[in-house]
Structures are given as C-alpha cells and as structure tokens.
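Visitor: I am new to this structure and would like to learn how to read it. Could you show me?

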Amino acid sequence: MSELGISPLTKGDRHLSVDEARAAIAAALRPITEGETVPLARALGRVLGSDVISPIDVPAHDNSAMDGYAFAGAALAAGGVTRLRSVGTLYAGAPYAGEVRAGECLRIMTGAVMPEGLDTVVPLELCSVAGEQVAIEPGVITPGENRRRRGEDLALGRPALQAGRVLRPADLGLAASLGLAELPVLRPLRVALFSTGDELRTLGQALEPGCVYDSNRYSLMGALQRLGMEVIDLGLVPDDRAALQATLQAAVAQADVVLTSGGVSMGDADYTREVLAAMGEVAFWKVAMRPGRPFAFGPLQRPGGQPPSWLFALPGNPVAALVTFYAFAREALLRLAGARPEPLPTLQAPCTAAIRKRPGRTEFQRAVVEPAPAGGWQVRLTGSQGAGVLRSMSEANALLVLRHDQASVAAGDFVDVWLFDGLV
Ligand code: AMP
Ligand code: MG
C-alpha cells in the first residue's frame, strides 16, 4: 500500500484537495506500451506510439509563396523603379528548364520551384505590367520576400510529430505531406464500465416505483468514446456482494481500467470495501469538492502477473459522476493510454451573479459561457445545481470552477471556466 502512497491519505478525517487527489493518481499510473500500425485515414484521435522523424524536406525545394514575378533580389534599384523583362511562365509541378539573365524575370505561380539564381517574388498586385515589361516601384518589396525555403515546414531527420500526441486533423495532413501511408499508434485503452444500485433499471425495463433509469452508464460511455477508449459494457450490478465480486473479476480479466458509478457512499461502502480489499489496494478518498464525494481509486490485481487494472469508482449522483470523471479520470485515462494530456482549456470570464462559497473545497458549477452584451465573454450558472440534476450539465457548455482557497465571488468577478469544447 505504501508503495502507491495513496493509503495513508485515507486515514482519519482529513479531506484531500482536488489537486492532491489528481497528483496521487498521476503518480501511481504506468502507461500501456503495446502498439499497432494503422493506415493514416484511420489514425484520427489515436495516440502516436513513437516519434515520427521526417524522411524528407518539406517543401522539397525553394518555391514561390505567391502568384507574381520571380527575379534576383539584387536587381532591385536603390530608390528608383526596377524594370525587368519577363521571359517565360512557370507553373507549379515542373522546374524551369531555361535560363534567366540579369534584367529578366519569370511569371511564377504559387508553389512553383524557384529557378536557380532567383530569390524574390513580387506579387502580381504590387507591380505594373505592360506586355513583357514589369515595373516595380521602390519600397514595395525587399530581396528574399515571398520565397518559401526548402525544409522550412519540416526538415529531413527532425522529429515531425512526438510520441504521445493524440492525433488531430492537421497531424494526419502533416504525415501525408511526408509521404507516410501509416502511423505507429498505441492500442486503445480497454475500459470496463458498470453501474451499481438496486434501484437502477436498464433501458427497456419498466420503471417500478422508487426506481430510476441507469443514466450514468450512457454519460460515461460517451465520455470514454470521446477519448478514443474501447468500452466494455458490463451493464448493471445490484447492491450484492457476490454480484459485485463476479463483475469485478470479469472486468479485470478484460480491461486496463474498471470504471464504476454508485455504491461507494457511506451506507454501501462497507461490503464494497471488503470485496475490493480482497482484490487490490483501493483507497476510499474523501475529496474536498462539490459535487463529487465519495470517490475511490486504486489498483486491482489481474491474473497471470499482468499489470494491475485501475479502479475509478465514481459517486452515483449523475452530475457528480461526470464531474469526478472530468476532474480525475479523464486525464488519468489519457496518461494510461500513453498520451501526454495537454492542460484543460481553462478560461477566465466574469460571472453574471454572485456565488456563495467557503474556502476549503473546490466547487464545480454547471455554466454557460456566452458573449457579453458589452463585448467579450461572460459566464452564468445553469439552473439548479443539485448533484443529481443532470439537466444542469446537459444545458451547460462549461464548468465554472471555484478553486480550493477561493471564497464567495461577487457579480462581475472573474472566475475559472473549463470549456467543454476540447474537454469532451
Ligand atoms: P450512490 O452513490 O450509489 O449512493 O447513489 C447516489 C444517487 O445517485 C442515488 O440517488 C442513486 O439512485 C443515483 N444513481 C446511482 N447510480 C446511478 C446511475 N447509474 N444512473 C442514475 N442515477 C444513479
Ligand atoms: Mg447506490
């Protein structure tokens, strides 16, 4: 237990801060390393398994950045009009076969290879042309302008993309510009997902009095799919020791991560604790946050000396389940998948109303970031902020984050905001 450094924190009544919990999780995890090769067209969102070293210079030749006239910059007259004679036209795709002498220029198209000896392109709109005569007024261009240099985009032998990158559209284009038809990626992380609770019903079942539909499994499935994870849906598990045990065993047999919701609050925790204690080193944390408590995290043993599965046991309340997923699990799962997560897109915006808060816990409120009437952006809360009110999350486009040490804020105060775009 001490090896993970997570158990001592559970002793006593001390609450962990959100940052302490995040740090403890990050310190415990070891990323997967197994990889595969995929065609470029299927690589979007995958984690790059090793650095991509550029096998060529891009562009492969100096070329023109504009449609215009290419000439030797040394020919520019100091203080007077430069007059040149155009001796041909050069299109992208084929180098110029002829020769360009002093006092001459070439009509050139964007992307065409710069002929030997020419280093400057004057754009069409910046010169005057009469037949073959091209006149350039003083001061419109300096030597070397509008020439794209060989290798200025990507140089031969230099890393073009780094291992751990979650591949984006531009990265696929970049790999294609290097002539690469496939990329080495890590295999997707396998996440087993189940919900716990006797009161839960699955879709298609009748809703008896006192029961609710299992919504967490669908919110979390969506959140996992957005991260490119492979979801193993283990359904619903009743509040029952044997059922929990059997499902956890099935989960660790197949998955790198076990993601559950419900069943870790005070009333349930006793038998959950016993079942989990027999399988690994799970810590039950009291995290100083709202919504969110309770939350459990730790390694579960797997058969055959495999590395452990990591349990993230989220609270059952639908908003709390998603908020704890974004606060703790999202970045951890990306790390486990071998990605180097970028910081969350955090924004600072003035809030439209006062919010009461006491220092000593982090609060995540559901909010809408919108254009402010006077320009810029503002953030307002969405309706009821109860931990079970999923509508507040569905209507939101951001989480308003009140930091651990922060006290109440007044209308107009700037607050931290996690935008959903980029996050989900
Ligand atoms: P628990 O954390 O198990 O004590 O659950 C807290 C609250 O969340 C209870 O009102 C549960 O009915 C509700 N809840 C738990 N799991 C789910 C779920 N999968 N979908 C919807 N509500 C849930
Ligand atoms: Mg429950």
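Guide: We will go from the whole chain to the ligand and then to single residues. Keep in mind that this is a predicted model.

Visitor: How many helices and strands does the protein chain have?

Guide: The secondary structure of the protein chain comes to seven helices and 26 strands.

Visitor: Why is the protein chain said to be more spread out than a compact globule?

Guide: The idea is to set the radius of gyration beside the value that a rule gives for a globule of that length. Here the radius of gyration is 30 Å, well over the 22 Å that the globule rule gives for 424 residues, so the chain is more spread out than a compact globule. Along its principal axes, the C-alpha trace spans about 90 × 55 × 45 Å.

Visitor: What share of the residues is buried, and what does the accessible surface of the chain come to?

Guide: Buried residues make up 45% of the 424 in the protein chain. The accessible surface comes to about 20300 Å², and 52% of it belongs to carbon and sulfur atoms.

Visitor: Now the ligand. Which residues come nearest to ligand 1?

Guide: There are 15 residues around ligand 1, and Glu199, Asp214, Gly263, Ser265 and Gly316 come nearest. By type, the shell divides into three nonpolar, nine polar and three charged residues.

Visitor: Is Ser261 buried or exposed?

Guide: Relative accessibility decides this, and under 20% means buried. Ser261 counts as buried because its relative accessibility is 2%. The residue is found in strand β17, residues 257–261. Leaving aside neighbours within four places in sequence, Ser261 is in contact with residues including Phe194, Leu220, Leu314 and Gly316.

Visitor: And Ala78, buried or exposed?

Guide: Ala78 counts as exposed because its relative accessibility is 85%. Its place is the loop between β4 (68–71) and β5 (82–90). From C-alpha to C-alpha, Ala78 is 9.1 Å from Gly139, although 61 residues separate the two in sequence.

Visitor: Where are the cis peptide bonds?

Guide: Most peptide bonds are trans, and most residues other than glycine have a negative phi. In this chain a cis bond joins Arg290 and Pro291, with omega about -10 degrees. Another cis bond joins Arg293 and Pro294, also with omega about -10 degrees. Pro291 is in the loop between β19 (289–290) and β20 (295–300), and Pro294 is found in the loop between β19 and β20 too.

Visitor: What is the phi of Asn146?

Guide: Asn146 has a positive phi of about 65 degrees although it is not a glycine. The residue lies in the loop between β9 (133–136) and β10 (147–148).

Terms used: Residues numbered from 1 in each chain as written. Chains lettered and ligands numbered in written order. Predicted model: local features only at pLDDT ≥ 70, side-chain atom pairs only at ≥ 80, totals over all residues. Heavy atoms only, no water. Near = heavy atom within 4 Å. Nonpolar A, V, L, I, M, F, W, Y, C, P; charged D, E, K, R; others polar. Helix = DSSP H or I, 4+ residues; strand = E, 2+ residues; numbered from the N terminus. Buried < 20%, exposed > 50% of the residue type's maximum accessible area, 1.4 Å probe, protein only. Contact = heavy atoms within 4.5 Å. Rg over C-alpha atoms; globule rule 2.2 N^0.38 Å. Areas by Shrake-Rupley, 256 points an atom, 1.4 Å probe, with all protein chains shown as cover.
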